[in-house]
Amino acid sequence: MDNIAGQKSSLSIVTNLCVLFLVLLWLVPTVGLLVSSFRDREQISQSGWWMAMFPVEQAFRVQPSADGVRQDGDLYVLEGNVFGTGSGSVAAFGITSRNPGAAETGQTYGRLKLEVRDSDGELDTEN
């Protein structure tokens, strides 16, 4: 019995490691819910809660009017100041809210060609 005193069994070390793992497993989603409760809906959908401590770029949504559209060959070009009377810079853009930074400035994005066909498969040129 003298050789047992003062020594921890290996089973208690494994037990302590398992308890630490379970605490961390419980703590991570709890902290995530706490952090997400202070964020608004757009912030939650744009980035995960672990990115909340770091600054994010603002996603600015604009629906341009058809007045500023001009046709350049097969493409339609929108030009103008998206900031209205203010100023700023555009780092990226997109056509959906799921991926607002899909394309870089100066890049052609969202090119679409639509062909309407009749029920017999012929190209409809009237509509």
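**Close-up views of a predicted model**

**View 1. Two tryptophan rings.** Counting rings of Phe, Tyr and Trp as paired when their centres lie within 6.5 Å, the count comes to 1 aromatic pair. This pair is made by tryptophan 49 and tryptophan 50, whose ring centres are 6.0 Å apart and whose planes stand at 80 degrees, so the arrangement is edge-to-face; the label applies because planes over 60 degrees apart are counted in that way. Tryptophan 49 has a relative accessible area of 25%, and is therefore described as partly exposed. As in every view here, the model is predicted.

**View 2. The whole chain, as a guide to the close-ups.** The protein contains 2 helices and 4 strands, and, when these are read along the sequence, they follow the pattern α-α-β-β-β-β. Of its 127 residues, 6% are buried, a class that is kept for residues with under 20% relative accessible area. The protein exposes about 11800 Å², and carbon and sulfur atoms supply 56% of that area. Among the contacts between residues at least 6 apart in sequence, 9% join residues that are at least 24 apart.

**View 3. A nonpolar patch and leucine 27.** Seven side chains may be picked out here, namely Ile13, Leu17, Leu20, Leu24, Trp26, Leu27 and Val31, which make a nonpolar surface patch of about 680 Å². One of them, leucine 27, is found in helix α1, which covers residues 10-36. Leucine 27 has a relative accessibility of 36% and so counts as partly exposed.

**View 4. Alanine 52 in a loop.** Alanine 52 lies in the loop that runs between α2 (41-46) and β1 (69-72), and, with a relative accessible area of 32%, alanine 52 is partly exposed. When residues up to four places away in sequence are not counted, alanine 52 touches Val35 and Arg39. For valine 35, the separation from alanine 52 is 17 residues in sequence, while in space their C-alpha atoms are 7.6 Å apart.

View 5. Strand β1 is joined by 4 bridges to strand β2 (residues 75-78), and the two strands run antiparallel. Within this pairing, valine 69 has leucine 78 in β2 as its bridge partner, and glutamine 71 stands opposite tyrosine 76, also in β2. The two strands form a hairpin with 2 residues between them, and in the turn glycine 73 has a positive phi of about 70 degrees.

**View 6. Glycine 94 in a loop.** The loop between β3 (92-93) and β4 (103-104) holds glycine 94, which counts as partly exposed at 29% relative accessibility. Apart from its neighbours within four places in sequence, glycine 94 is in contact with Asn99, Pro100, Ala102 and Tyr109. Glutamate 104 is 10 residues away from glycine 94 along the chain, and the C-alpha atoms of these two residues are separated by 8.6 Å.

Notes: Residues are numbered from 1 along each chain as its sequence is written. Side-chain values use heavy atoms; hydrogens and water are left out. Patches are made of residues with over 30% relative accessible area and no salt bridge: like charges are joined within 9 Å, nonpolar side chains (Val, Leu, Ile, Met, Phe, Trp, Tyr) within 5 Å. Accessible areas come from the Shrake-Rupley method with a 1.4 Å probe; for residues, only the protein chains shown count as cover. A salt bridge is a side-chain nitrogen of Lys or Arg within 4 Å of a carboxyl oxygen of Asp or Glu. Buried means under 20% relative accessible area, exposed over 50%, partly exposed in between (1.4 Å probe, protein chains only). Contact means heavy atoms within 4.5 Å. Two strands pair if DSSP finds at least two bridges between them. Rings of Phe, Tyr and Trp (its six-membered ring) pair if their centres lie within 6.5 Å; planes under 30 degrees apart count as stacked, over 60 as edge-to-face and the rest as tilted.
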